[in-house]
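I opened a new notebook page for a structure I had not seen before. Here is what I looked up, entry by entry.

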Amino acid sequence: MTATSALFLSVFLASTVEAVEALTVVLAVGVTRGWRSGGLGVLAGLAALAVLVVGLGPALTVVPLQVLRLLVGALLLVFGLQWLRKAVLRASGRKALHDEAALFAAHAAAARSQAIATSDGVDAYAFTLCFKAVLLEGLEVVFIVLTFGANAGRIGLAALGAAAAVLVVTVAGLLVRGPLSRVPENQLKFVVGVLLTSFGMFWSGEGAGVLWPGADAALPVLVAFTACLAVGYTLLLRARTPRVDASARAGS
């Protein structure tokens, strides 16, 4: 795996996870309270993200590359380790698996329970919920695109990976009109955690002055090392931990 393909794959998979989580909320609101207000919330969330990208994107270009790599690498390392920690706990049975079908049902039930209060024909609850879902999950996608893209000098490629993920998930969700429970989100989070952690180690090391053997060729080695370590911890914890009851499978 080359550094370029690893960059695209990391952004695509991470964006897929975030898009699935945002779409779960939007679909639950749409099928229970109507699509107009929810759609307006989605558009408002996307507009807010666009303003943020316009504001933050140029700012990253004035930061010295060495400092940028150290800062971004450290942030990705923390971010990736959080994902990887949760993925290992889920895979080992110490944390309930993420269940999109259960989350969809919970969001739909909450949406049905709220009284419909409109302002100028807009359902405030549906608008706010969809706006918040798109903005919060989108912020993580923006963070990944800007940090990966700026650090590697390939913002266009990173943006393409994110756009492809959002497009695939959106089309699939609109066709199904329900939770994307067949998406292996728990496994995706494990893989993304490995990739983000590996990139974090690689770039923070470069920023700190580390000369990796083979330059970019060291990245696949870090990915393999991180994956083996994560699988090892998973197997160790699985052998020592009773499984979480299936009825609790709605972890975030």
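The entries below go from the whole chain down to single residues.

**Entry 1: confidence**

I noted at the outset that this is a predicted model. I then looked up the pLDDT. The chain averages 80, and 80% of the residues score at least 70. Which element has the highest confidence, and which the lowest? Helix α8, residues 218-240, is highest, at a mean of 90. Strand β1, residues 118-119, is lowest, at 58. I also marked residues 246-252, where the pLDDT is below 50. In the model this stretch has 20 contacts beyond near neighbours in sequence. I left those contacts alone. Where pLDDT is low, the predicted coordinates should not be read in detail.

**Entry 2: the chain as a whole**

I listed the secondary structure next. The chain has eight helices and two strands. Read from the N terminus, the order is α-α-α-α-β-β-α-α-α-α.

I then looked at burial. The chain has 252 residues, and 43% of them count as buried. Its accessible surface comes to about 12400 Å². Carbon and sulfur atoms account for 70% of that surface.

How far along the chain do contacts reach? I took the contacts between residues at least 6 apart in sequence. Of these, 87% join residues at least 24 apart.

**Entry 3: the nonpolar cores**

I searched for cores. The largest nonpolar core has 38 residues. V11, L76, F148, F199 and W203 have the most contacts inside it. Which helices supply at least two residues each to this core? They are α1, α3 (65-92), α5, α6 (155-176), α7 and α8. I also found a second, separate core, of 12 residues. Its members include V25, V29, V42 and L129.

**Entry 4: a salt bridge**

I asked how many salt bridges a search of the whole structure finds. It finds one. The side chains of K189 and E21 meet there, at 2.8 Å from N to O. K189 lies in helix α7, residues 185-207, and E21 in helix α1, residues 3-33, so the pair ties together parts that are 168 residues apart in sequence. Side chains of opposite charge can pair when their charged atoms come close. Are the two partners buried or exposed? Both K189 and E21 are buried.

**Entry 5: V17, also in α1**

I stayed with helix α1 and picked V17. V17 is buried, because its relative accessible area is 1%, under the 20% cut-off. I set aside residues up to four places away in sequence and listed what V17 touches: W83, E185, L188 and K189. K189 is the lysine of the salt bridge. V17 and L188 are 171 residues apart along the chain, and their C-alpha atoms are separated by 7.1 Å.

**Entry 6: F190, in α7**

I moved to F190, which lies in helix α7. F190 has 15% relative accessibility, so it counts as buried. Which residues is F190 in contact with, leaving aside neighbours within four places in sequence? They are L84, A87, V88, A230, V231 and T234. A87 is 103 residues away along the chain from F190, yet the C-alpha atoms of the two are separated by 5.0 Å.

**Entry 7: V134, in α5**

I looked up V134 in helix α5, residues 124-152. V134 counts as buried, at 10% relative accessibility. Beyond four places in sequence, V134 is in contact with V26, V42, G45, L46, L49 and L139. V42 is also listed in the second core. V134 and V26 are 108 residues apart in sequence and 8.3 Å apart in space, C-alpha to C-alpha.

**Entry 8: towards the surface**

I checked A172, in helix α6. A172 is partly exposed, with a relative accessible area of 30%. From A172 to V20 there are 152 residues in sequence and 9.8 Å in space, C-alpha to C-alpha.

F225 is found in helix α8, the helix with the highest confidence.

How values were computed: Residues numbered from 1 in each chain as written. Heavy atoms only, no water. Salt bridge = Lys/Arg side-chain N within 4 Å of Asp/Glu carboxyl O. Helix = DSSP H or I, 4+ residues; strand = E, 2+ residues; numbered from the N terminus. Buried < 20%, exposed > 50% of the residue type's maximum accessible area, 1.4 Å probe, protein only. pLDDT = per-residue confidence, 0-100. Contact = heavy atoms within 4.5 Å. Core = buried A, V, L, I, M, F, W, Y, C linked by side-chain atoms within 4.5 Å. Areas by Shrake-Rupley, 256 points an atom, 1.4 Å probe, with all protein chains shown as cover.
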